[in-house]
Amino acid sequence: MPMILKEQHRLAHCVSTAILALWLITGSTSARAGELKSLMKDMKSAMGGALGSQTLPEFSNFLARLRLDVDRAYKLPYKADPADYQEGMRVLSLDLDKAAQLAKTGDLAAAKQSLQTANLTKKHYHHLLN
Ligand code: HEM
């Protein structure tokens, strides 16, 4: 192959590799952003379910769902403001622990009341991050 063609071939290879890398990076970033959104939506309905529960088992089921969502959201990278994001998830996680402890004592009203602090945490960090 003549020298000039070899160079062109190499350049074309480089460009296509760069395009592929860019595609992979932007693709996975938006997939993660989409995952955060869908977790948040599920957290909203789990919160509503927990606060509207009539029985402790019902409450505990919604709380367990909320716990799974928060554990997953915790692990997602939040590049815009990682420190505040992680702090918010840590506080929210502690709020859920407290509500779960109260649920264990059998006091549904106290457990619901405690879960209201998670709403305050939500407000605070949504304000900070959005
Ligand atoms: C129980 C507590 C929470 C609930 C119910 C909740 C719910 C929601 C909802 C419904 C959205 C809108 C999703 C959409 O665009 O459709 C949202 C967005 C968001 N929330 Fe939360 N949230 C909670 C706590 C938190 C905490 C503690 C943080 C931060 C550590 C946080 C960070 C965010 C961020 C960054 C967005 C924007 C996501 C995006 O548009 O890409 N949330 N949340």
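In helix H4, the residues Ala-111, Leu-115 and Ala-118 are buried, where a residue is called buried if 20 or more other C-beta atoms lie within 10 Å of its own, exposed if 12 or fewer, and partly exposed in between, with C-beta atoms placed from the backbone. Seen down the axis of H4, these buried residues fall within an arc of 30°, so they line one face of the helix; the arc is that of the directions from the helix axis to the C-beta atoms. On the other side of H4, Ala-109, Asn-119, Leu-120, Lys-123 and His-127 are exposed. The helix has 22 residues and reaches 32 Å from its first C-alpha to its last, close to the 32 Å expected at 1.5 Å a residue, the expected span being 1.5 Å times one less than the number of residues.

This is a predicted model, in which local features need pLDDT of at least 70 and side-chain atom pairs count only at pLDDT 80 or more, whereas totals for chains, interfaces and linings use all residues. Residues are numbered from 1 along each chain as its sequence is written.

## Overall architecture

The chain contains four helices and zero strands, and its pattern along the sequence reads α-α-α-α; helices (H or I, at least four residues) and strands (E, at least two) are DSSP runs, numbered from the N terminus. Of the 130 residues in the chain, 16% are buried. Among contacts in the chain with a separation of 6 or more, 56% are accounted for by residues 24 or more positions apart, two residues being in contact if their C-beta atoms, placed from the backbone, lie within 7 Å.

Helix H2 has 20 residues and reaches 29 Å from its first C-alpha to its last, close to the 28 Å expected at 1.5 Å a residue. Its buried residues are Phe-59, Leu-63, Leu-66, Asp-69, Val-70 and Ala-73, and, seen down the axis of H2, they fall within an arc of 120°, so they line one face of the helix. Pro-57 and Lys-75, on the other side of H2, are exposed.

The largest nonpolar core has 16 residues, of which Met-47, Ala-50, Leu-63, Leu-66, Val-70, Leu-96 and Ala-99 touch the most other members; such a core is a set of buried Ala, Val, Leu, Ile, Met, Phe, Trp, Tyr and Cys residues joined through C-beta atoms within 7 Å. Two or more residues of this core are given by each of H1, helix H2 (56-75), H3 and H4, and the largest share, five residues, comes from H2. Leu-96 is in contact with Leu-63, Leu-66, Arg-67, Val-70 and Ala-118, leaving aside its neighbours within four places in sequence. In soluble globular proteins, nonpolar side chains tend to be buried together.

Leu-92 has its place in helix H3 and counts as buried because it has 22 C-beta neighbours inside 10 Å. Not counting residues up to four places away in sequence, Leu-92 touches Val-70, Ala-118 and Thr-121, and its C-alpha atom is separated by 9.7 Å from that of Leu-115, 23 residues apart along the chain.

Asp-95 also lies in helix H3, and it is buried because 21 other C-beta atoms lie within 10 Å. Leaving aside its neighbours within four places in sequence, Asp-95 is in contact with Thr-117, Ala-118 and Thr-121. The C-alpha atoms of Asp-95 and Thr-121, 26 residues apart along the chain, are separated by 8.3 Å.

Leu-129, which is placed in helix H4, counts as exposed because it has 12 C-beta neighbours inside 10 Å. Apart from its neighbours within four places in sequence, Leu-129 is in contact with Asp-81, Asp-84 and Tyr-85, while its C-alpha atom and that of Tyr-78, 51 residues apart along the chain, are separated by 10.0 Å.

## The shell around the ligand

Of the 19 residues around the ligand, those that come nearest are Met-40, Lys-44, Gly-88, Lys-122 and Tyr-125, where a residue is near a molecule or strand if its C-beta atom, placed from the backbone, lies within 6 Å of it. At least two residues of this shell are supplied by each of helix H1 (3-51), helix H3 (82-105) and helix H4 (108-129), and the largest share, eight residues, comes from H1.

By residue class, the shell divides into eleven nonpolar, four polar and four charged residues. Here Ala, Val, Leu, Ile, Met, Phe, Trp, Tyr, Cys and Pro count as nonpolar, Asp, Glu, Lys and Arg as charged, and the others, Gly among them, as polar.
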